Amino acid sequence: MAEERETYPPLPIVKRVCKELGWTYEDLAREVHKLTGTSTPGPNFIAQCVHGSRRFGPDTAAAIEAATGGRLKREWLVWGDQAPEDLSAASNG
């Protein structure tokens, strides 16, 4: 019998920030790689996290926060239910 996969809160805010920055998930991955010196996360992993089938670990989330200049907060990426619905709520709160 197949095991049911755990799902996580989707992170559409990642998609919105990438769009505002003019970045693809590949661009985001490249910026994170520059900071960490590793080849993870890849664009496919980022997409899976955005859709809620995977989630970011704390180290990756911190690197993404740095790569986006703080536009994406580590807390939002690790605990997706804390992410704001939109960026205007994030800047006001």
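**Helix packing in a predicted model**

Mentor: Thr 24 is partly exposed, with a relative accessible area of 44%. Please keep in mind throughout that this is a predicted model.

Trainee: Why does Thr 24 count as partly exposed?
Mentor: A residue is called buried under 20% relative accessible area and exposed over 50%, and partly exposed in between. Thr 24 falls in between because its relative accessible area is 44%.

Trainee: Where is Thr 24 found, and how many Å in space is it from Pro 43?
Mentor: Thr 24 sits in the loop between α1 (12–21) and α2. Along the sequence, 19 residues separate Thr 24 from Pro 43, while the distance in space, taken from C-alpha to C-alpha, is 8.2 Å.

Trainee: How is α2 oriented relative to α3, roughly parallel or roughly perpendicular?
Mentor: Helix α2 (residues 25–36) packs on helix α3 (residues 43–51) with the axes 8 Å apart and an angle of about 115 degrees. Angles of 65 to 115 degrees count as roughly perpendicular. That makes the orientation of α2 to α3 roughly perpendicular.

Trainee: Which residues in α3 does α2 meet, and how do the residues of this contact divide?
Mentor: From α2 come Tyr 25, Glu 26, Leu 28 and Ala 29, and they meet Pro 43, Ile 46, Ala 47 and Val 50 in α3. The residues of this contact of α2 with α3 divide into seven nonpolar, no polar and one charged.

Trainee: How is α2 oriented relative to α4, and how do the residues of their contact divide?
Mentor: Between α2 and helix α4 (residues 58–67) the packing angle is about 105 degrees, with the axes 9 Å apart, and that makes α2 roughly perpendicular to α4. Leu 28, Glu 31, Val 32, Leu 35 and Thr 36 in α2 meet Ala 63, Ile 64, Ala 66 and Ala 67 in α4. The residues of the contact of α2 with α4 divide into seven nonpolar, one polar and one charged.

Trainee: What percentage of the residues of the protein count as buried?
Mentor: The accessible surface of the protein comes to about 6,000 Å², and 47% of it belongs to carbon and sulfur atoms. Of the 93 residues, the buried share is 32%.

Key
Residues are numbered from 1 along each chain as its sequence is written. This is a predicted model: local features need pLDDT of at least 70, side-chain atom pairs count only at pLDDT 80 or more; totals for chains, interfaces and linings use all residues. Side-chain values use heavy atoms; hydrogens and water are left out. Axes are lines fitted to C-alpha atoms, for helices over the stretch in contact, and angles run from 0 to 180 degrees between N-to-C directions. Helices (H or I, at least four residues) and strands (E, at least two) are DSSP runs, numbered from the N terminus. Angles under 35 degrees count as roughly parallel, over 145 as roughly antiparallel, 65 to 115 as roughly perpendicular and the rest as oblique. Contact means heavy atoms within 4.5 Å. Ala, Val, Leu, Ile, Met, Phe, Trp, Tyr, Cys and Pro count as nonpolar, Asp, Glu, Lys and Arg as charged, and the others, Gly among them, as polar. Buried means under 20% relative accessible area, exposed over 50%, partly exposed in between (1.4 Å probe, protein chains only). Accessible areas come from the Shrake-Rupley method with a 1.4 Å probe; for residues, only the protein chains shown count as cover.
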